[in-house]
Structure formats: structure tokens, C-alpha cells
Amino acid sequence: MVKRQMAENHHISRQCRCYTSLALGDTVAGLVYLFGDFRLEGGRFELLREGRSLKLERKPMELLLLLVENRDRLVTREEITERLWKGEVYVDTEHGINTAIRKIRAVLRDDPEKPRFLQTVTGMGYRFVARVEVEGPLTVQAPVEAPLEQTPNAQATWLTAKNRLWLAGGLSVVALGAVALLLAGPRLFHRGQTAIGSIAVLPLDNLSGDPNQDYFAAGMTDELITMLARDSTLRVTSRTSVMQYKSVHRPLKEIAKALNVDAIVEGSVERTGDHVHVTLQLIRADTDTHLWADSYDRNNNDTSTLPDEAARAIAERLNHAAAGVARVRSINPEAHDDYLRGQYLWMVGRNEEAGQYFQKAVEIQPDYAAGWAGLSEYLDLKAMSGEGKTLELLTEAEAAANRAVELDDSLVLGHICVGAAVLFGHWDTAKALKELDRAIELDPQNSQALHLKAKILCAMDRFDDANAVQAKSTAANAFVHPGARAEIFNCTRQFGSAIQDAQLRLRDFPTSGDVLGELAESYHWTGHDKEAVESLARMFASEGKPELSEAARAAFGKGGYRAVVQSELVYFERIARTTGFSPVELSRFHAMLGDKNEAIRLLQVAADAHAPLLVFRLNDPAYDALHNDPRFRAVAQRVGLPYEGKPTATN
């Protein structure tokens with residue numbers, strides 16, 4: 001979709017006469033219109049402000065030309081559809097018109113409540129109301145093939161002149177009605193609407209023409225989401241939830257319904273040279289109503305506070321501004337850019353490269369809180385992956401996280417990182433929960449903090465609490481970890497509920513290895529091994545391991561579920577000899593095969609090596625038969641977890 005749009009933009013100048021002819025006719029195509037501080041050149045299909053070309057897609061540009069040419073006249077939605085979308089099939093023209101109008105307003109910086117350029121006549125159409133000066137055409141007009149009186153429109157022209165008096169009377173009635181409609185509009189058309197309490201920021205488009213700037217657009221999206229959560233009392237959808245809609249052109253009402261939000265923020269980022277231009281729009285989802293728009297022009301040395309400024313404007317527009325929030329201080333532009341690059345690389349799984357940029361960010365600006373939080377995330381993940389000395393990495397991660405919250409106690413990610421660092425570095429569940437509670441206090445909808453808290457509660461045998469917290473996490477964000485609810489149900493031995501939830505998630509995430517893995521577990525523990533193996537095979541296939549998928553099915557056919565576990569153990573033991581595969585995972589396979597001594601020995605090895613994830617794995621159903629073994633209890637005691645007996649299944 002993005003490549004097709006770029007190619008389309010490249011051909012605009014060559015095809016502009018064709019486009020404008022289709023919408024307006026060759027004569028109009030060559031005219032130049034001046035209004036406000038804008039210059040609209042029909043012949044070049046270009047909009048400029050103070051000599052600088054502004055980006056506007058084809059349909060919005062065609063619509064703007066149509067409205068300007070017919071200025072001071074109401075252009076109906078039916079006329080717009082006929083002119084701009086005639087002959088096109090499978091097009092949602094209502095959504096297309098609304099989107100085009102929003103994009104025009106955004107580039108013109110026009111407030112729909114106090115319009116300087118576009119006036120909406122609710123339910124009817126639009127009128128261009130600004131004073132327009134017209135310059136001569138830049139291109140040669142199409143020759144007139146017949147005198148005016150011989151054209152098919154001659155009679156209509158005569159009728160208009162002859163009947164001007166009675167038409168004026170009729171139009172005055174229409175005009176009065178339109179004015180009354182506009183004046184009554186806010187009360188008439190917003191009556192019964194619920195207040196906006198939730199919002200999602202769609203990934204900002206990178207209009208720089210350079211894919212190397214994708215990280216910057218992604219970073220601005222992430223920071224705007226963070227600032228909205230900080231500066232407002234709105235429920236703000238997480239970045240991971242909205243990323244599925246990057247470059248996806250679907251009706252906003254449909255997206256909002258999927259994300260369960262009342263309003264959408266969409267926009268674009270353009271970074272060229274040392275100049276940054278950001279355009280944002282706020283749309284009410286149920287009515288597709290444009291509520292607010294603004295654009296921001298900055299140089300590269302002054303972008304760090306832009307998301308905070310925009311978030312405050314949106315929060316104030318919706319009457320959801322948070323009280324007593326300090327303004328974000330300016331960040332060194334080089335440090336900020338390195339941080340954005342690091343966040344982008346971390347999100348796409350390039351952790352080692354991300355760590356280099358986070359390190360550079362805090363070296364450039366040692367008091368950069370977000371930079372330290374990013375560095376802590378990198379170190380935590382590196383420790384989990386077994387890529388270095390685990391305890392040393394976790395100690396460094398804890399120091400970086402503590403530095404982040406010392407610099408900015410309101411930084412949600414900082415508290416999550418402290419919680420993770422003390423949990424995995426010290427197996428200190430009490431302190432971890434305290435830090436996560438602080439993060440949730442700052443952002444009650446942060447699914448990352450909620451999910452980690454649910455996992456800790458489950459490890460501590462606080463099963464009801466774990467399920468309640470995970471329900472909140474999934475409600476806030478079901479996209480980043482769609483199998484999370486089933487995971488907690490499996491942990492609390494509610495296998496029937498796990499199956500129900502996993503099957504529900506598969507409707508939206510049919511190839512999610514996350515969901516399929518949990519479904520395989522719950523099927524096995526309820527005695528449905530055939531279904532368990534099929535889910536397991538699908539999980540391997542979704543992860544790009546077709547050989548494991550085939551091996552699982554073949555093993556089950558020969559020796560049942562036990563043979564499947566044995567084949568997995570052989571495979572991962574081979575991996576462990578070359579990559580240091582976690583002894584915790586190997587231990588689990590031995591436990592499932594009934595080899596208690598080897599399972600416990602590997603748990604002891606994991607405890608000696610301070611394997612971070614041991615704190616979660618000990619409550620796996622595979623170890624239920626070991627809970628009364630003194631050696632198992634000794635390992636649990638080292639980790640600081642209660643094991644007084646096997647959990648009781650509730651369904």
C-alpha cells in the first residue's frame with residue numbers, strides 16, 4: 001500500500017491535467033487561486049504556503065480544487081461523489097469524503113468549529129468561504145469548440161439570468177435554513193452522544209519520502225501516546241495495539257470499534273533537512289466528526305516537547321486534561337533522536353542495535369530519563385536471552401531503571417523497568433509489585449504493567465487476584481500478547497476457561513503462536529491430546545518451523561503425546577548444546593515425562609545460574625507432581641515463592 005502510494009505521488013505532476021480534467025475541466029486546471037497565505041496551482045496540482053509545497057493526496061487535492069472553483073456555493077456530497085468517484089466500484093464514498101475533508105482541513109489548519117476556509121452544512125455538503133483571488137492560467141486552456149449559445153448548457157445559462165429575481169428569493173430561504181441548521185448544529189446533532197473517554201493514536205504516516213525516517217514517525221507516535229496517558233484522564237490505547245493499523249486504510253469507525261475507543265487521532269510526520277512538520281487530527285469515531293486539528297513546524301533541535309504540547313491540546317479540547325502535570329523539559333536533539341532510533345529497533349526485535357542507541361542517548365545527555373529506561377529494557381532482554389552474564393546484566397538493568405525514576409518519577413516505563421529488574425535480578429516479588437503498582441497508578445491502562453503484575457500474582461498463588469488483573473490487561477490491550485488471558489487461566493488451573501478464551505482469540509489471531517501454545521497446554525491438561533498436538537503443530541508452523549510441525553504429528557501417530565514430548569526434548573537438548581537453551585525449559589520436558597530426578601536437578605542448575613524466568617516456571621502444571629518433594633520446595637524457597645500444595649483446578 002505504501003509503495004503504491006509513493007508511486008502514485010511520483011506520477012502526480014505528470015498526470016495532474018488528467019486528474020483535474022476529470023474533476024473540474026481543462027479551463028479550471030490551469031488557474032491559480034490565492035486565499036489566506038495559500039497558493040493553489042491547478043495546472044501543477046500543487047498547494048503552497050509561503051512558497052513551500054504542502055503534501056496533499058490526490059483525492060483531497062481534487063476535492064479542494066472542486067470546492068475552490070465553486071467557492072461561495074454549496075457543493076453537495078452527491079455532487080462530490082459524482083465528480084470524484086464516478087465509475088469507481090467497491091468504494092466507501094462517505095468515508096472517502098470525510099477523510100478527504102479532514103486532510104484538507106489539516107493542511108489548511110482550519111478549525112471546523114470556526115472555519116476560515118471550509119464550512120460544513122450538516123447532512124448536505126461543503127462550502128469554501130474564504131476570499132479567493134484568481135490569477136491567469138499556467139497552462140493553455142482547452143479550445144472552445146462551439147459558441148456559448150450553441151452549447152448544451154446555453155439554455156441553463158439563459159434560465160439562470162432570466163429567473164434571477166425569483167431564484168434569489170428561493171435561495172434566500174435555503175440560505176436562512178442553512179444558517180439556522182449551522183447554528184443549531186452543535187445542539188441538534190450532538191444531543192444524546194456520550195462523552196469521549198477513550199482514544200487511540202494511529203501510527204503517524206511518514207511523508208518524508210525516505211523510509212529511513214520511519215523510526216522518527218514511529219517515535220513521535222509512541223511519545224504522543226505516552227504524553228496523552230500522562231497529560232489526560234482519557235483511556236489511551238497502547239502503541240502495540242495500534243501498530244496493526246500502520247498503513248492500513250480502513251474506515252475509522254471500524255478501527256475504533258476494534259480498539260474499543262471513542263475517538264481517533266491520526267496524522268503525519270514530514271522530516272526534510274532540518275525541518276519537521278507534524279499534522280494531527282482528532283476524530284469522533286461514532287459520527288466520523290472532525291473535532292480538532294493542528295499542525296506543528298519545528299526544526300530538528302526543537303521536537304522533544306512537541307508530543308507533550310499536542311497531547312495537552314487534545315486533552316483540553318476533550319475536557320480531560322490531567323491536573324498538576326509538569327511540562328516536559330527540552331531534551332538534547334541528538335540524544336532524543338538516538339532514543340527514538342533505539343525504541344524503533346527494540347520494537348522490531350533488533351535489541352543489540354537498540355542498546356547501542358540507548359547508550360549513546362544517555363552519554364549525550366546523562367539526565368535523560370527515557371534514555372535510561374530504554375537502556376534498562378535492552379539489558380533485561382539481553383539477560384533473558386542468555387547472551388551474557390545474567391546477574392551482571394540484571395544489576396546494570398536495575399541501576400539504569402533506578403536512574404530513570406530518580407530523574408522522572410512520573411515515567412511509567414521507568415517503574416516497569418525497576419519492577420522487572422528487581423523481580424528477575426533478586427526474585428523480589430514484593431518490591432516488584434510495589435513498582436508495578438506505581439506504574440499502574442500513573443497509567444491504569446498500561447497492559448504491560450498489568451500483565452507482569454498478573455504473572456507475579458499467579459506465581460505467588462494469588463489466583464483470583466491474578467485473573468482479575470489479567471482481565472484488565474487484556475481489556476486494555478489484547479493485541480501485543482493475545483494469549484495472555486489463557487496463560488493466566490492455565491497458571492491457575494482453569495483449563496476450561498483457557499480453552500474458551502484461546503478459541504475466542506483465534507478468531508482474530510488465527511496464526512498466533514502465543515495463543516496456539518496456550519491452547520495446546522490446556523488441551524493436554526484436560527486429556528484432549530489429539531487437539532493439543534494439532535495446536536502445537538500449528539504453533540510451530542506459525543513460527544516458521546515446519547519440520548517441528550511435521551515431527552509432532554508423526555510422533556503422535558507413532559507413540560501418542562509422550563512421544564511428542566520426547567521428540568521436543570531431543571530437539572531442544574541439541575539446541576542447548578550450541579546456544580545455551582535454558583535448563584528451566586529442559587527441566588519441564590523431563591517433568592512431563594515423569595523423570596522427577598532429572599527435572600529437579602535441572603531446576604537446581606537453573607537456580608544456581610539465576611535463570612530469570614525460574615520465578616514464573618515453578619508454577620507450571622508440569623511440576624504439580626513435584627510440589628511435595630523437599631528438593632523442589634528448596635528451589636522454590638530460594639526463589640521466594642510459596643508452595644504449600646498443588647493448586648486446585650476450578651473448571
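The model is predicted, and local features are reported only at pLDDT of at least 70, side-chain atom pairs only at pLDDT 80 or more, whereas totals for chains, interfaces and linings use all residues. Residues are numbered from 1 along each chain as its sequence is written, and side-chain values use heavy atoms, with hydrogens and water left out. Helices (H or I, at least four residues) and strands (E, at least two) are DSSP runs, numbered from the N terminus.

Strands of a sheet pair through backbone hydrogen bonds, either parallel or antiparallel; here, two strands are taken to pair if DSSP finds at least two bridges between them. Strand β3 (residues 46-49) and β4 run antiparallel and are joined by three bridges, and L48 has S53 in β4 as its bridge partner. Contact means heavy atoms within 4.5 Å, and angles run from 0 to 180 degrees between N-to-C directions, the axes being lines fitted to C-alpha atoms, for helices over the stretch in contact.

A second open sheet is formed by three strands in the order β5-β7-β6, again with antiparallel pairing. Because β5 (75-76) and β6 (118-121) stand at the edges, each with a single partner strand, one side of each is left without a neighbour in the sheet. Four bridges connect β6 with the antiparallel strand β7 (residues 125-128), and Q119 has R127 in β7 as its bridge partner. Helix α6 (residues 93-108) lies across β6 and β7, running at about 150° to β6.

Two packed helices are described by the angle between their axes and the distance between the axes. Helix α19 (residues 447-459) and helix α20 (residues 463-476) pack at an angle of about 160°, and their axes are 8 Å apart. This angle makes α19 roughly antiparallel to α20, a term that applies to angles over 145 degrees. The contact includes, among others, L450, A454 and L457 of α19 and F463, A466 and V469 of α20. By class, the contact of α19 with α20 has eight nonpolar residues (Ala, Val, Leu, Ile, Met, Phe, Trp, Tyr, Cys and Pro count as such), three charged residues (Asp, Glu, Lys and Arg) and four polar residues (the others, Gly among them).

Key. Angles under 35 degrees count as roughly parallel, over 145 as roughly antiparallel, 65 to 115 as roughly perpendicular and the rest as oblique.
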